[in-house]
Amino acid sequence: MAAEKLRDLSQPMDVSLLDATVAAFYGTGSKEERNAADLILRDLQNNPDMWLQVVHILSNTQSLNTKFFALQVLEGVIKYRWNALPVEQRDGMKNYISEVIVKLSSDEVSFRRERLYVNKLNIILVQILKHEWPARWRSFIPDLVAAAKTSETICENCMAILKLLSEEVFDFSRGEMTQLKIKELKQSLNSEFQLIHELCLYVLSASQRAELIRATLATLHAFLSWIPLGYIFESPLLETLLKFFPVPAYRNLTLQCLTEVAALSFGEFYNMQYVKMYTIFMVQLQSILPPSANFPETYANGNTEEQSFIQNLALFLTSFYKAHIRVLESSQENINALLMGLEYLINISYVDDTEVFKVCLDYWNSLVLELFEAHHNLESPAATANMMGLQMPMHPGVVDGLGSQLVQRRQLYSGPMSKLRLLMICRMAKPEEVLIVEDENGNIVRETLKDNDVLVQYKIMRETLIYLAHLDHDDTEKQMLKKLSKQLNGEDWTWNNLNTLCWAIGSISGSMVEEQENRFLVMVIRDLLNLCEITKGKDNKAVIASNIMYVVGQYPRFLRAHWKFLKTVVNKLFEFMHETHPGVQDMACDTFLKIVQKCKRKFVIVQVGENEPFVSELLTTLPTTIADLEPHQIHTFYESVGSMIQAESDPQKRDELLQRLMALPNQKWAEIIGQARQSVDYLKDPDVIRAVLNILQTNTSAATSLGTYFLPQISLIFLDMLNVYRMYSELISTSIAQGGPYASRTSLVKLLRSVKREVLKLIETFLDKAEDQPHIGKQFVPPMMDPVLGDYARNLPDARESEVLSLFATIINKYKGAMIEDVHRIFEAVFQCTLEMITKNFEDYPEHRLKFFSLLRAIATHCFPALIRLSSEQLKLVTDSMIWAFRHTERNIAETGLNLLLEMLKKFQASEFCNQFYRTYFLTIEQEIFAVLTDTFHKPGFKLHVLVLQHLFCLLESSALTEPLWDAATVPYPYPNNSMFVREYTIKLLSSSFPNMTTAEVTQFVTGLFESRDDLASFKNHIRDFLVQSKEFSAQDNKDLYAEEAAAQREMERQRMLSIPGLIAPNEILQDEMDS
């Protein structure tokens, strides 16, 4: 192939042959041709001498692709080898690139024709500048400005180069250049900015060329955020920009420049200029887009430019207000301009575009929070003083003065805030609890996927609306009721309007005082129930139903205080349980559960005017209430009623209620067991298996809410249940033994396994929720030993249920030391056989892995003496399996392993086997922990890795360790103590793992570990610095290393939110917080 000649770089290259090769690579020829060309081009690119041909190629080719290929080669050299090249070669390349750029951009035709090529050359020039300027190319900026003045096209290209330079230095430099180099370039740009500034102003005042003016504005936009302020405020720059703002062609670019200026904030020195800029801007804005315009329509029908304008306008106003809103509050005419601007921003907030709305919402949230905090702090003078930055106790008169200022400020904003309430109500996002949505075809359907963006938006809107409600409860209530009455008289009725209104009503729960909330809700619920009666049509009814359910679910405090309403609401929910519209029944069952959990006492006492408690009435009609529900909905229903029964304090009544609740499933269960006693084969019928599964699930749901009080029911079915378990288990084993590995995937085996799992889940749920009563353990654990544990050991690996492991972990966590005698049997049954399943690789049996380590942790925590009785082989298995666990990249398995390891280390330190254990395992554990600590895949385990290392390093000084950790037979040098030995060992270990670090750096790190080991915070920071220094973690997202600090920050935020009524939703507040 002729192209092979290209590989010889000793003479000038045959450019036409290179053109042909590049064309073959990009061409439509055969795959072989393309591959051959690719191979040659790659070899050329990797050849260190190839770049010397670049000038020759660029001068002789017409093909754009070939030019790009040559420039790619050059870019590689500039990035990685530039400083190693001889001076004359660097200067030659620099001058050549500059000349080509000037030549191509000096006349209009070639500049437009070769636009892509020139852009690429500009990038190459800026890459060279990053090395050469300012030290070796002092005259660059003066030369550039001088060239720009010779022709308008050259000037336009110079602007492009300056913009690239600013972006490279200020925006993209992190991780590309050292901090020192970035600082040096910033200083050079700052000191030489005068020339650039003059050039920009000169162009904007003298040029008529649209392209040039646009390029100049774009360059200014890149510079404005960092240039010295005098260039903006003490020069004609702002006036010039405001002159360009009304011109449609430059409107968006100018607006972006003004936004950069608006966002700058640095004390009060330039306040007057800001006021002037804002006032002129508002006057011009009114002629471009009058405030009376219909913004959502203008946006929807606008072209891209016009849509960008509205988005940029939102960015300008929000940036300006965030930094300078106080300046505009100073005089009446400024206030008028401010109120007009806020009016614009509210109008823009109605535009149907997520990004535009996010910009507005973000600002509204911060403004309302600021107003609310001032209002909130008015009650405590000290806080007010603090807010104003005064640290001393204040004279009461001064406080009043401040108070009246704050009140005035609130009055100033009361108009916009009222409009903002309406905006929040009209655009409220959907809360998580609402399951009924409108699809793109306008049908009402059940929601299938949660949309996280909407949930985040809901959270911010809810918070904003709560602050708004606190600023003026009456206005909030008035606006909501007015909007609701328009729904009733049909003037404003649409699904969306009703939805957003009800979501808004539900979201401010807890923000009003109880008396006002009661009055407000009585009207709301009454109106919604009326609306449900008078509206026709299935879809309409479904929407109203979903809204009634959402609102009542949000106000448990009101329902607890008003039995009549509570009863009406619950009966309404029962009605909705017969409504087969998708999503309605689910939501009715979820809301029922939510309400019962918050009001359960109300259902078991006899209310005024009633003959019996509500729960009794409910149990009488239970079969008809649940007639139309799916099995999973019936389970939720049973959990809810269980919750009511659990609130009954009289044991006799409680047992009687439980018996009535379980009558239906028990009757079915008795039938099935009766039939099975006649003939065992009856239990093999798939429909019977499904019935058994359903009965067990119903029991589990009731056990979830009843806990200990479920004892009479579980005792009733327990032994029969274990027999069914054993029988199904044998069926599964025979199927798998006969049918081979695929048998475990057949539908029958899957169904049988579901029953086994549900049995285990039921027992685990009951034992977990039951209060600590040892006799329950004695009654239930021994009968399970053979049917459950023995069965696990006898089964094939594929037929073993991981739930057995979690059940026994729960039992040990519950009955603690009382289980010590049984640990031996548990070990025999599950240990060896589970380890064989999970140590072949990191993937198989993920459920068994996690639950196995949880079981081990329970044993280590509560039955440690049983672990000491293990043989040394078994103990080695345990330790190896822990190391195996924390090597996992699966986060929860690694964490379980690390927690187990910490538990074991502490327990062994306190036992008489301390020396023996640590002599065997200290170095292994240290080495393994360092291995995962320095591996970026294990970042989430950082906190636990640090705790293990801290434990090991503190142990060296403790009195528990009395023997040397080294083996005297193999280590000839007697160390004075364990600390010296471990210190040397650690330095060797880390030096061999990180050849890129010097011995001095490693030694310094290890010394630091010993010095800071008693203080966890500094120990942790010391390790963090080492990880970044070791280069493994330098260019990555390291937020996992700071996860603990972030969690503490979140807890502080929760405490702040708890102090403001309504900010934490009623269903997120724990029961004891509510009852207190």
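Residue numbers start from 1 along each chain as its sequence is written. Since the model is predicted, local features need pLDDT of at least 70 and side-chain atom pairs count only at pLDDT 80 or more, while totals for chains, interfaces and linings use all residues; side-chain values use heavy atoms, with hydrogens and water left out.

Two helix pairs come up here, with helices (H or I, at least four residues) and strands (E, at least two) taken as DSSP runs and numbered from the N terminus. Axes are lines fitted to C-alpha atoms, for helices over the stretch in contact, and angles run from 0 to 180 degrees between N-to-C directions. For naming the geometry, angles under 35 degrees count as roughly parallel, over 145 as roughly antiparallel, 65 to 115 as roughly perpendicular and the rest as oblique.

Helix H24 (residues 473-488) packs on helix H26 (residues 514-534) at about 10°, and their axes are 10 Å apart. H24 and H26 are therefore roughly parallel to each other. On the H24 side, the contact (heavy atoms within 4.5 Å) takes in His 473, Asp 474, Glu 477, Met 480, Leu 481, Leu 484, Gln 487 and Leu 488. Across from these, H26 puts in residues including Arg 519, Phe 520, Met 523, Asp 527 and Ile 534. By class, the contact of H24 with H26 has 10 nonpolar, four polar and four charged residues, where Ala, Val, Leu, Ile, Met, Phe, Trp, Tyr, Cys and Pro count as nonpolar, Asp, Glu, Lys and Arg as charged, and the others, Gly among them, as polar.

The other pair is helix H1 (residues 15-26) and helix H4 (residues 64-80), with an angle of about 100° and axes 9 Å apart. That makes H1 roughly perpendicular to H4. Here Leu 18, Asp 19, Val 22 and Tyr 26 of H1 meet Asn 65, Thr 66 and Phe 69 of H4. The residues of this contact divide into four nonpolar, two polar and one charged.

The UniProt annotation "domain: Importin N-terminal", from an unreviewed entry, covers residues 37-103; UniProt positions are given in the numbering used here, feature names are shortened, and annotations may be inferred rather than shown by experiment. In the model, residues 37-103 are 76% helix and 0% strand, and the end C-alpha atoms are 32 Å apart.

On a 1 Å grid over the protein atoms alone, a cavity is a set of points where a 1.4 Å probe fits but cannot get out, and a pocket is an open set with protein on both sides within 12 Å along at least five of seven lines; lining residues have an atom within 4 Å of a point. Grid points are joined across faces, edges and corners, and a volume is the space filled by probe spheres set on the points.

The count comes to three cavities of 30 Å³ or more. The largest cavity holds about 80 Å³, and among its lining residues are His 888, Arg 891, Glu 895, Phe 937 and His 945. Helix H45 (residues 891-909) gives the largest share of that lining, four residues. The lining of the largest cavity has four nonpolar, five polar and two charged residues.

The second largest cavity has about 50 Å³ of space. Leu 371, Ala 374, His 375, Leu 406, Arg 409 and Arg 410 line this second cavity, and helix H20 (354-377) and helix H22 (396-427) are the elements that give two or more residues to its lining.

Of its 28 lining residues, Met 428, Lys 430, Val 454, Asn 496 and Trp 503 are the closest to its centre. The lining of the largest pocket has 12 nonpolar, six polar and 10 charged residues. The second largest pocket has a volume of about 470 Å³, and of the 19 residues that line it, the closest to its centre are Tyr 458, Lys 459, Arg 462, Ala 1065 and Glu 1068. H23 gives the most to the lining of this second pocket, with five residues.

Most residues other than glycine have a negative phi, and most peptide bonds are trans. Trp 133 and Pro 134, however, are joined by a cis peptide bond with omega about 0°; Pro 134 sits in the loop between helix H7 (115-132) and helix H8 (140-148). Lys 816 has a positive phi, near 45°, and lies in the loop between helix H40 (803-815) and helix H41 (820-838).
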